[in-house]
Amino acid sequence: MSLYDLIIIGAGPAGIAAAIYAARKRIDFIVITEDIGGQAAYSANVENYLGYQFISGVDLISKFEEHIKKYNVEVKENEKVIEINKEKDIIIVKTNKDIYKSKTLIIASGKRSKELRIPGEKEFKNKGVSYCATCDAPLFEGKNVAVIGGGNSAFDAVLQLAKIANKIYLITNISYFTADAIMQEKVSAINNVSMLKNTQVLEILGDRLVNGIKIKRENREEVINVEGVFIEIGLLPNSDFAVGVDKNKNGEIIINSKNETNIEGIFAAGDVTNIRDKQIIIAAGEGAKATLSVFEYLSKK
Amino acid sequence: MNRSIKVYSTPTCPYCMMAKKFLKDNNIEFEDIDVSSNRQAAMDMVQKTGQMGVPVIEIDGQFIIGFDKERIKELLEL
């Protein structure tokens, strides 16, 4: 088995930037990733990335992909990292397909949609349960749907569904909505939305497809008939495999200004880390920084 | 070889766009079925696959849920 200088986990903006910098530094490396683009692909419109006044997430990602292809980077796609270990100076990365060895590692695995973890959620995923209103909203024409969450992404889902669905229930388990005022104003102007605060969703019900949800409010349980449930309760870092790497209470990998983690040789970049701002342009910059730190680290060895 | 390839998609879904781009890049002809404007097709898709999510890719009667590049490659022998 060959020993790489660097393995990059993830191919969102952070991973791709890290890879381009690594290719230009002639570092011997591979990228391991489940998909290309990550969360950035889900951005309908990107208007704050340099060089593009307006571009869709998908188009921006395909530009990134073109850029990475120019350098003949070896990308192991559709591959999920299960475990990382460090033995002496060697980092071992175990995936669902293979085992790889490297001197350094950049974790740029990003974030994923948070799940409610209630009965029915897994069973009815893609059978009425969706984590992407942008993708699936048009399938719910004339139907009653529920949007779970109270932040910007939940309000955005409501806006996307407003003209398609018959009735929308917007449900949050706390006493207020956290979305920006401008989003709240837009949603309150819609007349087929019913907003339920202090309401817990206990279960997603259905047969072959979703046909309702069981909710609890004011200590009373009731069933609402909906055929779609859009879950928009935020994101979770993909850091579960990084056992032994220090994380904050949200599961984000703690890094210093050089993108170093607590383990020598293991670096991290982008949305999976504790950097404050989760933005495409920032993730890309962090990816570049991480590779420059790796380069410095390898040169000293 | 003449193959029947359909992509059930919506205009706004990122992974639908990626799937279509992938097929185009590999010179694979396919029928793009926009389930947001074609209700009958949407109902057919749900009926045949039990799925309320896009993309769904149909290759010679076999359904692939989501943009599963490996499975597409396998079925198309790419």
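Is A:Ser2 buried or exposed, and how many other C-beta atoms lie within 10 Å? In this predicted model, A:Ser2 is exposed, because 8 other C-beta atoms lie within 10 Å and a residue counts as exposed at 12 or fewer. The residue belongs to the segment that precedes strand E1 (3–9) of chain A, and its C-alpha lies 22 Å from that of A:Ala242, from which A:Ser2 is separated by 240 residues in sequence.

Chain A as a whole contains 6 helices and 17 strands. Its radius of gyration is 21 Å, close to the 19 Å that the globule rule gives for 301 residues, so chain A is as compact as a globular protein of that length. Taken along the principal axes, the C-alpha atoms of chain A fill a box of roughly 65 × 40 × 35 Å. Of the 301 residues in chain A, 45% are buried, and among contacts between residues at least 6 apart in sequence, 61% join residues at least 24 apart.

Helix H2 (residues 57–70) of chain A comprises 14 residues and spans 20 Å from its first C-alpha to its last, close to the 20 Å expected at 1.5 Å a residue. The buried residues of H2(A) are A:Gly57, A:Val58, A:Leu60, A:Ile61, A:Phe64 and A:Ile68. Viewed down the axis of H2(A), these buried residues fall within an arc of 160°, so they line one face of the helix. They pack against helix H1 (13–24) of chain A together with helix H1 (14–25) of chain B, whereas A:Glu66, A:Lys69 and A:Lys70 are exposed on the other side of H2(A). After H2(A) comes A:Asn72, with a positive phi near 50°.

Technical notes
Residues are numbered from 1 along each chain as its sequence is written. Chains are lettered from A and ligands numbered from 1 in the order in which they are written. This is a predicted model: local features need pLDDT of at least 70, side-chain atom pairs count only at pLDDT 80 or more; totals for chains, interfaces and linings use all residues. Helices (H or I, at least four residues) and strands (E, at least two) are DSSP runs, numbered from the N terminus. A residue is buried if 20 or more other C-beta atoms lie within 10 Å of its own, exposed if 12 or fewer, and partly exposed in between; C-beta atoms are placed from the backbone. The expected span of a helix is 1.5 Å times one less than its number of residues. The arc is that of the directions from the helix axis to the C-beta atoms. Two residues are in contact if their C-beta atoms, placed from the backbone, lie within 7 Å. The radius of gyration is taken over C-alpha atoms; the globule rule is 2.2 Å times the number of residues to the power 0.38.
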